[in-house]
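Look over the sequence and the model first.

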Amino acid sequence: MTSELDIFVGNTTLIDEDVYRLWLDGYSVSDAVALRVRSGILEQTGATAAVLQSDTMDHYRTFHMLERLLHAPPKLLHQLIFQIPPSRQALLIERYYAFDEAFVREVLGKKLSKGTKKDLDDISTKTGITLKSCRRQFDNFKRVFKVVEEMRGSLVDNIQQHFLLSDRLSRDYAAIVFFANNRFETGKKKLQYLSFGDFAFCAELMIQNWTLGAVGEAPTDPDSQVDDMDVDLDKEFLQDLKELKVLVADKDLLDLHKSLVCTTLRGKLSIFSEMEANFKNLSRGLVNVAAKLTHSKDVRDLFVDLVEKFVEPCRSDHWPLNDVRLFLNQYSASVHSLDGFRHQALWDRYMGTLRGCLLRLYHD
């Protein structure tokens, strides 16, 4: 009596997405096995506990071997050891570089150094994210920062090219790099209501409008070593912002600016009387924020100042978001009707970005 046995041999590396997630989340093999058991996998598959343990260990070994390639994603695409379909490669990379909102809010704007890394124990305890996962996320931020911080060209494009991330995740990393480089304060109590998405939105606006790369400028000094066009704020632009002080220092200009805004918005705002009474204080706040951006400490405190000088006063008077939008639009546009003002392009570059940021920061 003869028996026939069909055998198929393949070398495609199998990736279990659920186990990959457990590994990325920093669980040990034993903890991962326990979580898989609780998910009901033994009943679903008919496997034994020993088989599940072996399967989990096998996946963990594979992930550990893949990790060095994930540190430089193009290497994963070109290596021949692991036969992984392109769609799976993209999934491995994207999920390896994904991060937790709670974690990124704790480190956003901080220097990506050993000093910050020492705080990861506390961050892990505070957020409930495993220490191992915190370390992976921090190391990813630091790795991307080191690779792209001195590159010319688009920050988002450089991240996509060197780490093969999706457009959305590349933009998020661009925000993280930009905030780490400029050390924006995000941890103060009055900023805790803001999400990473709020800050990332503002970062994208600033990268597009307030950096050297935003206007395609080359350094005026031929010996300058400025390479990170999208990472550093345009210092010449920041210096020029002092010219805007005339809008609040010149009483006639300030009165005319207020008159133009109030004439246009009368009958259109539910909080018109509050706006009219506070116009000069709000205008001084917004213009003085601009004038102080020549100092690195004031750059770092930009979001603190915006919340203190504009968001909180408007919120205390219960401005609806739509009224904030109408005010900012008219406040910005009416400057073009001030005959004595000679810095229209500078104003537009400043307020175009600030208006977008303020609307994002304002939660009515």
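Contact means heavy atoms within 4.5 Å. This is a predicted model: local features need pLDDT of at least 70, side-chain atom pairs count only at pLDDT 80 or more, and totals for chains, interfaces and linings use all residues. Residues are numbered from 1 along each chain as its sequence is written, and side-chain values use heavy atoms, with hydrogens and water left out. Helices (H or I, at least four residues) and strands (E, at least two) are DSSP runs, numbered from the N terminus.

**Helix H2 against helix H4**

- In H2, Val29, Ala32, Val33, Arg36 and Val37 touch Leu52, Gln53, Asp55, Thr56, Met57 and Tyr60 of H4.
- This contact has seven nonpolar, two polar and two charged residues. Ala, Val, Leu, Ile, Met, Phe, Trp, Tyr, Cys and Pro count as nonpolar, Asp, Glu, Lys and Arg as charged, and the others, Gly among them, as polar.
- H2 spans residues 29–38 and H4 residues 49–70; their axes are 10 Å apart, at an angle of about 125 degrees. Axes are lines fitted to C-alpha atoms, for helices over the stretch in contact, and angles run from 0 to 180 degrees between N-to-C directions.
- H2 and H4 are therefore oblique to each other. Angles under 35 degrees count as roughly parallel, over 145 as roughly antiparallel, 65 to 115 as roughly perpendicular and the rest as oblique.
- The H2 and H4 crossing is right-handed. A crossing is right-handed if the near helix is turned clockwise from the far one by less than a right angle, and left-handed if anticlockwise.

**Helix H17 against helix H19**

- The axes of H17 (residues 272–291) and H19 (residues 302–316) come within 10 Å and cross at roughly 170 degrees.
- H17 and H19 are therefore roughly antiparallel.
- Eight nonpolar, one polar and two charged residues make up the contact of H17 with H19.

**Cysteines**

- The structure holds zero disulfides. A disulfide is a pair of cysteine sulfur atoms within 2.5 Å.
- Cys262 is in no disulfide; the nearest cysteine sulfur belongs to Cys314, 13 Å away.
- Cys262 is buried, at 4% relative accessible area. Buried means under 20% relative accessible area, exposed over 50%, partly exposed in between (1.4 Å probe, protein chains only).
- Cys134 is buried too, at 0%.

**Positive phi**

- Most residues other than glycine have a negative phi.
- Leu164, not a glycine, has a positive phi of about 60 degrees. Leu164 sits in the loop between helix H11 (155–163) and helix H12 (167–182). At 30% relative accessibility, Leu164 is partly exposed.
- His318 also has a positive phi, near 60 degrees. His318 lies in the loop between H19 and helix H20 (321–333). With a relative accessible area of 65%, His318 is exposed.

- Asp298 is placed in helix H18 (residues 296–300), and counts as buried at 15% relative accessibility.
- Beyond its neighbours within four places in sequence, Asp298 is in contact with Lys292, Leu293 and Asp305.
- The C-alpha atoms of Asp298 and Gln192 are separated by 19 Å, at 106 residues apart along the chain.
- Thr62 is in helix H4 and is buried, at 11% relative accessible area.
- Not counting residues up to four places away in sequence, Thr62 touches Thr13 and Phe82.
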